[in-house]
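Reader: I have a model open on my screen and would like to know what lies behind the words used for it. Could you walk me through it?

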Amino acid sequence: MPRNGSFAILFNTLVVMFMLAPLVIVCLVAFTPENTLSLPGWNWSLRWFRKVFEHPDFVTSFINSLWLATVSASIAVGLAVPASLAITRGNFPGRQALEGLFLSPLVIPHLVLGVALLQMFARIGATGSFVWLSLAHVVVITPYAMRLLIAAMTGYDRSVEHAALSLGASRLTVFRRITLPMILPGVSGGWLLCFINSFDEVTMSIFITAPSTITLPVKMYMYATESIDPMMAAVSALVVGLTAATALLLDRIYGLDRVLVGQR
Amino acid sequence: MPFLELDALSKHYGPVKAVDDVSLSVEQGEFISLLGPSGCGKTTTLQMIAGFVDATAGRIRLQGRDITHAPANTRGLGIVFQSYALFPHMTVADNVAFGLEMQKVDRAERARRVEQALALVHLDAHAGRYPRELSGGQRQRVALARAIVIRPPLLLLDEPLSNLDAKLREAMQFELRTIQQQVGTTTIMVTHDQAEAFSVSDRVVVMQSGRITQIDTPYEVYEHPASEFISRFVGKTNLLPPATANGPQRHIRPEKLTLKPAGQGRSDATVVDRFFLGSQWLYHLESPLGPMVVVQVNDGSPAHAPGTVVALDWDDATLRTLPEGSR
């Protein structure tokens, strides 16, 4: 591996600092004993964390968000795998159009989608339905999985599949034993990206969540519009901590490189 | 009954005839090369035999069974791909075992045959490695072991050596031939490299624009090419003027010409340039007969310097005439 020059190291350090600084600050603020958003001095307190758990609706919305992200990311990847297989290797009319259609949610503002879906949900009586909320999220996050999977599948050597076929494998066996393991980094990376995007989505969800299906970001947004206190920081710190723990765990078990890049 | 028979096999893509009316009979145990420039249809022919490309017309019969439209995964053929196509997420042993697993060979027998196949290609020590940890030549041999371990009736090799460097390629040519003779599998190899085709094959099938233009032993293809195209494709050639006014063009190979002191041959010629090839000298000469290419064995005697006048001589028995309009 080539060694980085001192300039490159400096540049990368600055970029990482720029990206991490807000997270670090919000985590520090979460420990303040004061009533305002301020950095804790010598006194650190867990009072705002305690306050979070005194709001059961925050815990519920967090669980809602987890479920929603898990379900919609899985559906999105389930759709994106066959779709990107067809797009990268098929040779049928309308292939380009299909790819455009799948990626189009990327260019539609979530605000517009939210308003449109609100009207549709009201009309078909889907307000407050977890299933319809998940489907709305699937629409928004599928492009992310598609992008990653198409990238993972282009330049993929088809003769590997031919080799498996020639050795007597059925088409299903070829997919299960050869194709899927080879595109696994794209699949897992795509799922993770979808999960994060769904978990993070607020603009569209504000319009289409009901009290029973409210997600954490929407809950936080609504809380923050009413009162600004360090409890928001505590919630954020909890999410950051949980994400970091998950990433560490994944790295321990599989290695993040293997999940996202495909190296072992 | 021939072991493998291609009967008027064709593949058309719209108006383009990628393979046009190809007929070929292969005997059991034979090593056949499909030789031709890129785009001549040799790979498409191989892919039709393998079952990856569906024939437009014609028949493929293997051991008397019509397999023209049989799915690729029912043909049981061993195939070595140009890119090797190893399964990157499996070890060498698992790669080789895959075909046996598909045939539901039991575990103990599988292990025994994998070991045997890896020993045959001298890779027994690398069974636990992953393909990315191997060199190009080693990957090539894993691909070969994976193809022959299922004991296929027919082995198909698609440009198997083209990704190797020159020295390794030559070594692998001999190894390929040795292994093929040991296991006795009927083999069809696609190549654009005439030296490769000549050194390992029993017979060479020359293809050009989707058609077969000559089927012969390597020696016959080189010595008696059916057309000027083949003559130039498989080696260098010199054109001599016709012996009579309306006679046919005459050809002679560079190594059949000899250089003598000026005035002692059939025609004087001036050395324009010379190239040292190690075991041989390659001369470019200018003569009243036209430009000439001559190859002489490097027997230790001093080479002729550019500008030297020498004489060309040849044995009339080495002259070849080619069929009219055979281009």
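Reader: Why does B:Q138 count as buried?

Author: The cut-off for buried is under 20% relative accessible area. B:Q138 has 17% relative accessibility, so it counts as buried.

Reader: How much of chain A do buried residues make up?

Author: They make up 37% of the 264 residues in chain A. As for its surface, chain A exposes about 15200 Å², with carbon and sulfur atoms supplying 69% of that area.

Reader: What makes a set of residues a nonpolar core, and which residues touch the most other members of the largest one?

Author: The members must be buried residues of the nonpolar kinds, joined through side-chain atoms within 4.5 Å. The largest such core has 116 residues, and those touching the most other members are A:F58, A:I178, B:L4, B:F87, B:F98, B:L156 and B:I188. Helix α3 (residues 56-89) of chain A gives the largest share of this core, ten residues. There is also a second, separate core of 15 residues, with B:A269, B:M292, B:V310 and B:L312 among them.

Reader: What is B:F98 in contact with, leaving aside its neighbours within four places in sequence?

Author: From chain A, the residues in contact with B:F98 are A:A164, A:L167, A:A169, A:R177 and A:I178. From chain B, they are B:F87 and B:M90.

Reader: How many helices and strands are there in chain A?

Author: Chain A has twelve helices and zero strands. Its C-alpha trace spans about 70 × 60 × 30 Å along the principal axes. Among contacts in chain A between residues at least 6 apart in sequence, 69% join residues at least 24 apart.

Reader: Which elements of chain A have the lowest and the highest mean pLDDT?

Author: Helix α12 (residues 256-260) of chain A has the lowest, at 64, while helix α7 (residues 159-166) of chain A has the highest, at 94. Over the whole of chain A, pLDDT averages 87, and 95% of the residues score at least 70. Where pLDDT is low, the predicted coordinates should not be read in detail.

Definitions and conventions:
Residues numbered from 1 in each chain as written. Chains lettered and ligands numbered in written order. Predicted model: local features only at pLDDT ≥ 70, side-chain atom pairs only at ≥ 80, totals over all residues. Heavy atoms only, no water. Buried < 20%, exposed > 50% of the residue type's maximum accessible area, 1.4 Å probe, protein only. Helix = DSSP H or I, 4+ residues; strand = E, 2+ residues; numbered from the N terminus. Contact = heavy atoms within 4.5 Å. Areas by Shrake-Rupley, 256 points an atom, 1.4 Å probe, with all protein chains shown as cover. pLDDT = per-residue confidence, 0-100.
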